[in-house]
Amino acid sequence: MVGIPILVIVLIVIYPTIWMFYHAFHDTNMMSLFRQDWQPVGFQNFEAVLTSERFRNSLWHLAIYLTFGACLQVVLGTILALILYESVKTGWMRVVLLIIMVLPMMLPPSITGILWRFLLQASNGAVNHILLNVGILEGTERIDWFSVDLSLWSLVIADTWQWTALPLLIVFSGRVSLPPAVYEAAKVDGASGYQVMRRLTLPMLREIIAIAFILRFMDAYKFVDKVYVMTSGGPAQSSELPVYIAFQTGIREFQVGLAAGYAIIIFVGAALIITLFLQYLKRVMRNAGVVD
Amino acid sequence: MARVTLDKVNKIYPSRHGDVHAVQDLDLAIEDGEFVALLGPSGCGKTSTLRMIVGLEAISGGVIAFDGQPVNDQTPEQRNVAMAFETYALYPTFTVAQNLAFPLEVKGVDKATRDEKVAEVARLLRIEPILDSFPRQLSGGQQQRVSLGRALIRDPAVFILDEVMSHLDAHLKFQMLFELKRIHQTLERTIVYVTHDQMEALALADRVAVMSDAKLQQFGDRDTLYDRPANTFVAGFIGEPPTNFLEAEVRDDGTTMRLTIRDASAAFVPDGPRAAAIRDQGLRTVIVGIRPQNLHVRHDEGDEQITATVEINEYQGEHSILSLRDGAAEFRAMVPPSVKTGEGETIDLSYRSRDVMVFHPETEVFIS
C-alpha cells in the first residue's frame, strides 16, 4: 500500500526533477526532443541565463515586486489588523469586517488578474473613471496602467488588493492571543497608547509579522499567474519575473535545456533564501521555548 | 498616601443568562497607610472589588474615593495606583531590568535615576542576579517577585497586590511575607492585598475584609475575626482546622445555661453575657461553634468539660487532630502529639466557657 504513493511521487516529482537536471546540461529544444538527439553543452545554459540582460531585468522586477508587493501587503495588513482590533470591540462586527476583508483572497488569482485587467484599462477602466470623477485626471487625460513604466506596478496593485488579507488574518489572530494582563499592567503603569504600540504590541508581534512576511515572500517568489493573465510580462518585458521567463522559455518556446537552466538557478535562489528563513524561524522557536 | 473609601459599591456583569451580581453594596474604609487584606474563597467578588479600586473595571454603582475625592471616572494612571498581578503580566520582550524600569520610563524619568531605582528594588527583592534575563527564562516565583518589584518601584497612592504569593513555594512565601511586612513598615503606604489564603491575610494585614457571595462578611483585625466572627461563614473560614459547628438545644434553669448537642449527650456551657443574650432573644435552639484549638486535654481551674469517643487520631507533626464522636455529633479537637488515645477510646476535653461561640439558628449571626 505504501508503494502507490511512493510510485506517484517518483513519477510526478522525482523523475521530472532528474530529467530537468539532465537537460540543463544539454542543448535540448523542440526539434532535438522530436529527433531524440541532444548534445551535452556543459554549463552553457547557466552561462546564458546569468549573462542575459532579460534575466537581470527580471531580478530587478522581482526585487521591486517583493519590496512594494510583499512588504506593502504585510505593512498594510498589520495596520488594518491592529486598527480592527483596537477600534471594533463587538464580536460579530469583527467577524463581518474580517469576512469582507478576506473576500478578495477567496478569488482564484487568475480571475483576480482578469478582473484588474478590466479595472485598469486605459480608455474605459473603472480606476481611470474614478480618477476622472474625483478630478485627478482631466479631459482626455488617461493613465496607461499597462505601459512600460506602470505595468509592474499594476501587478503590485492587483496582488496587494488580493493578498493583504493574509497578513491581516495572521497578525489579527496574533494580537488576539496576546495576554490581556500585560495591557492592564501597561495601563496601570500609565503608558500612553503610542508607548503601548511602539514598546509592547509591535515587539510582541515581531515574530508573527515575520512569519506573515515569509508566507507572502514564498508566494511572491513563484508569482506567475497574474503576470500571465494581466501583462504577459510586457510591454517590452517590463513586467517579467524570473519564474515567468522560465515558463515562457520552456513551455512557449520549448527551449527545454535553457528553461531547465532558469529553473535550477531559481531553485538555488529559493533554497538559499529559505535556509535563511529557517535559521530565523529556529531562533524564534528557541526564544519561544518550543525547541532547545 | 491615601485613604480609600468604598461606599455602597456594586459590580454587575451583564450576561446572556441574566446579570451576575459580583459585588453587592460593599462599604469599606481603608485608612491612610493601612495594610488591608481582602480575603475570601474564589468567586466571592474580591478580585472584582480590587479591579474597581485600580480602575480596570467600571463601577456599576456606588462611589470609590481616594482621600475623599471620588475616583469613579479616573483612569488607573490618574488614580496613581500600582498593581502586582496574579498572572505576573510581565512584558515578555523586556528584560527584568527593563520591566522594572518601564513605569518610570513612561513617566519620563531619566536613565540614571531609573537605574538607581531598579538596583534598589532588585536588592530589596533579591533579584539582582536575574536583572538581564527575560521573563520566559524565570521560574514562577522569580516572575512574581519581578511583578511585585514593578509595583514597588513607583511612588503610588495605593499599592494593590493581587494574589502575589500564590505561586511561591512555602519557604519563599515565608520569606516574602516577612519582606512585604518590612516594606510596608518602611514605606508606610496604603496596601490592599487580595488573597484566598487566610494565613497570608492574618500574617500581613492590619485589618482583614472577609468576603463571601459578593458581600462583605466582616472587616476587622485578626483578634476580632478570630474571637468575635460576625457569622458562621467567618468563623468557619478563619482558622485551621475549621471551627466545629454543632446544633444545640438551650436548657436553662435561670442560673446556669447548658447548650445540649442534638442527638448527643455532651453539652456546652456558655459564659454569662452570652447566656444573657440567648435569654434576651428567647432562643430555643442555637448553633454552637467551638474551635478545635480551644478543646484541651489539660484541665485548668474553672474549665468546663465534655467527653467524647475518638474515631481517628491523626498525627500532624506539631500536633494531632482528633476526630471525635458523641452520639450523632461529630467534631474535632487539636491536641499535643503526646496524646495517644486511639480509636474507640473515650477522652475528656476541657474548654473555657468564653471560647464557646454561639450563632443564631436561622440567620447564623454571632450572638455576643
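Residues are numbered from 1 along each chain as its sequence is written, while chains are lettered from A and ligands numbered from 1 in the order in which they are written. Because the model is predicted, local features need pLDDT of at least 70, side-chain atom pairs count only at pLDDT 80 or more, and totals for chains, interfaces and linings use all residues.

Confidence was examined at the start. The pLDDT score is the predictor's confidence in each residue, from 0 to 100. Chain B has a mean pLDDT of 87. In this chain, 100% of the residues reach 70 or more. Helices (H or I, at least four residues) and strands (E, at least two) are DSSP runs, numbered from the N terminus. Among the elements of chain B, strand β9 (residues 207–212) has the highest mean pLDDT, 92. Strand β13 (residues 267–268) of chain B has the lowest, 82. For the complex, the predictor gives an ipTM of 0.78 and a pTM of 0.77.

The two chains touch. Two residues are in contact if their C-beta atoms, placed from the backbone, lie within 7 Å. By this rule, 15 residues of chain A are in contact with 18 residues of chain B. On the side of chain A that touches chain B, α10 (180–189) and α11 (193–221) of chain A each supply at least two residues. The most comes from α10(A), with 7 residues. This side of chain A divides into 9 nonpolar, 3 polar and 3 charged residues. Here Ala, Val, Leu, Ile, Met, Phe, Trp, Tyr, Cys and Pro count as nonpolar, Asp, Glu, Lys and Arg as charged, and the others, Gly among them, as polar.

Chain B holds an open sheet of 4 strands in the order β2-β1-β4-β5, with antiparallel pairing. Two strands pair if DSSP finds at least two bridges between them. The edge strands are β2 (20–30) and β5 (69–70) of chain B, and each pairs on one side only. Strands β1 (residues 4–13) and β4 (residues 61–66) of chain B run antiparallel and are joined by 5 bridges. Asp7(B) has Val63(B) in β4(B) as its bridge partner. Strand β2 of chain B contains Asp25(B). Phi of Asp25(B) is near 40°, a positive value in a residue other than glycine.

Another open sheet of chain B has 6 strands in the order β6-β7-β8-β3-β9-β10, with mixed pairing. Strands β6 (81–84) and β10 (215–220) of chain B stand at the edges with a single partner strand each, so one side of each is left without a neighbour in the sheet. Strands β7 (residues 158–162) and β8 (residues 190–195) of chain B pair in the parallel sense over 5 bridges. In β8(B), Val194(B) is the bridge partner of Asp162(B).

Helix α5(B) lies across β6 and β7 of chain B, running at about 175° to β6(B). Axes are lines fitted to C-alpha atoms, for helices over the stretch in contact, and angles run from 0 to 180 degrees between N-to-C directions. Helices α4 (residues 111–125) and α5 (residues 140–152) of chain B pack at about 135°, with their axes 10 Å apart. They are therefore oblique to each other (angles under 35 degrees count as roughly parallel, over 145 as roughly antiparallel, 65 to 115 as roughly perpendicular and the rest as oblique). Val121(B), Ala122(B) and Leu125(B) in α4(B) meet α5(B) residues including Arg145(B) and Leu148(B).
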